[in-house]
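Let's take a walk through a protein model together. Have the 3D view ready, and turn it as you read.

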Amino acid sequence: MLVEPPGATTVPRRKKGSGGRLRALDGLRLVAALMVAAYHYGGRDGEVSEAWGSSPKVQFPTLHEFFAYGCLGVQVFFVISGFVICMSGWGRPLKSFFASRASRLLPAYWVAVAIVTVVFALPVVAYKAVSPSDALVNLTMLQMPLGVDRVLGVCWTLWAEVRFYALFALCVVLPGANRRRVIMFCAGWMLAAVIADNANMPLLDIVLMPEYAPYFIGGVGLYLVHLDRRDAYAWGIVAVSWLIGQHYAVQSLWHAAGADGFSYRSSTGIVLVVTFGFLAVAAIALGWLRWANWGWLTVAGALTYPFYLVHEHLGWVVIHALHRGVGLPSGATFALTAASMLLLAWLLNQYVEKPLTPRLRAVLAKDR
């Protein structure tokens with residue numbers, strides 16, 4: 001039991017009567033992952049065009065405009081992450097928090113890096129593999145700050161997650177989580193991030209992540225709402241996070257319509273998707289989706305992380321094989337590619353995560 005400083009308000013990790021696992025949150029994780037997959041398969045140009053044999057605009061003349069919004073699944077993920085990390089870090093010592101995060105991320109990540117490296121090295125695969133040295137650096141999850149080629153295209157989001165974990169661990173978990181400290185963490189980080197955005201200091205940008213901070217902070221605020229829906233400070237954190245978050249999303253993803261652009265995302269559409277992410281997590285925090293308590297949602301949540309890791313680069317290989325090799329139509333190729341990546345995610349969960357995660361957690365959490 002953590003000893004709280006005088007005047008601190010200690011709140012239990014779960015609200016009384018909130019039940020067990022928030023299965024709707026598991027389902028939302030998978031929705032966000034499928035959004036990102038839709039973007040990678042049909043909402044952008046680049047190397048996936050080589051897999052299709054032409055631009056996804058040709059393959060999906062209408063749907064590509066909707067798929068283009070799928071990249072905002074990352075922002076939804078970050079809101080979910082803020083909620084989950086606050087929940088998992090509350091009342092936990094630093095060693096336990098670190099062991100939980102490391103054991104959750106690393107086993108599937110290591111195997112995904114190995115699989116993609118091996119597949120891309122095959123002579124029949126047209127995509128270039130990273131060098132052996134770079135592949136080894138990728139195992140550390142520090143390839144982004146080192147400027148090393150990425151094995152997994154999606155790992156830039158993991159670098160953002162790792163920085164969030166470090167900030168939360170140092171500012172909240174290490175001194176001991178309580179409502180006052182979490183509120184001060186959210187307010188201080190938001191203010192510092194906004195200032196850093198115009199300070200022209202790269203180090204501050206790396207540490208404070210102005211472009212992504214509002215989503216993590218908003219998720220933390222929504223966990224406080226989950227604990228007490230009448231908490232005005234928590235609602236204030238969520239509101240400010242949404243206001244600033246939609247600004248950054250529009251700023252980075254909106255562009256004027258033009259022939260050279262792959263697709264046109266309207267600013268209204270971007271704001272609506274960001275709002276969806278905040279509202280969906282808010283509905284879960286308030287217990288409005290407690291009825292969504294089906295067991296398969298837990299399975300969906302378990303598949304999300306390994307699916308997210310492998311779906312992009314291995315998806316290119318499957319799309320090429322099914323569409324250009326076998327000659328399947330675009331829609332069937334899209335569906336079968338997503339299904340095959342979900343199957344691979346299930347295998348990773350069953351034969352990598354389930355046996356290795358508890359063992360790694362036990363080793364890292366062991367007292368010396």
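This is a predicted model: local features need pLDDT of at least 70, side-chain atom pairs count only at pLDDT 80 or more; totals for chains, interfaces and linings use all residues.

Find Thr304, which sits in helix 15 (residues 295-326). Is Thr304 buried or exposed? Its relative accessible area is 2%, and anything under 20% counts as buried, so Thr304 is buried. A polar atom of the Thr304 side chain lies 2.9 Å from the backbone oxygen of Ala300. Setting aside residues up to four places away in sequence, Thr304 touches Asp26, Arg29, Leu30, Ala33 and Phe77.

Now zoom out to helix 1 (residues 23-42) and helix 15, whose axes come within 6 Å and cross at roughly 10 degrees. An angle under 35 degrees counts as roughly parallel, so that is how helix 1 and helix 15 run. Among the residues making this contact are Asp26, Arg29 and Leu30 of helix 1, and Ala300, Thr304 and Phe307 of helix 15. The contact residues split into 12 nonpolar, 8 polar and 4 charged.

Stay with Asp26 for a moment. Asp26 is buried, at 1% relative accessible area, and forms a salt bridge with Arg29, with the closest N and O atoms 2.6 Å apart. The two are 3 residues apart in helix 1, so about one helical turn separates Arg29 and Asp26.

How many salt bridges are there? The count comes to 4. One of them joins Glu353 and Arg104, at 2.9 Å from N to O. Glu353 belongs to helix 16 (residues 330-365) and Arg104 to helix 6 (residues 94-121), so this pair ties together parts 249 residues apart in sequence. Glu353 is buried at 5% relative accessibility, whereas Arg104 is partly exposed at 28%.

Note on methods: Residues are numbered from 1 along each chain as its sequence is written. Side-chain values use heavy atoms; hydrogens and water are left out. Helices (H or I, at least four residues) and strands (E, at least two) are DSSP runs, numbered from the N terminus. Buried means under 20% relative accessible area, exposed over 50%, partly exposed in between (1.4 Å probe, protein chains only). A polar contact is a pair of N or O atoms within 3.5 Å; within protein, one must be able to donate a hydrogen and the other to accept it, and residues adjacent in sequence count only if both atoms are side-chain atoms. Contact means heavy atoms within 4.5 Å. Axes are lines fitted to C-alpha atoms, for helices over the stretch in contact, and angles run from 0 to 180 degrees between N-to-C directions. Angles under 35 degrees count as roughly parallel, over 145 as roughly antiparallel, 65 to 115 as roughly perpendicular and the rest as oblique. Ala, Val, Leu, Ile, Met, Phe, Trp, Tyr, Cys and Pro count as nonpolar, Asp, Glu, Lys and Arg as charged, and the others, Gly among them, as polar. A salt bridge is a side-chain nitrogen of Lys or Arg within 4 Å of a carboxyl oxygen of Asp or Glu.
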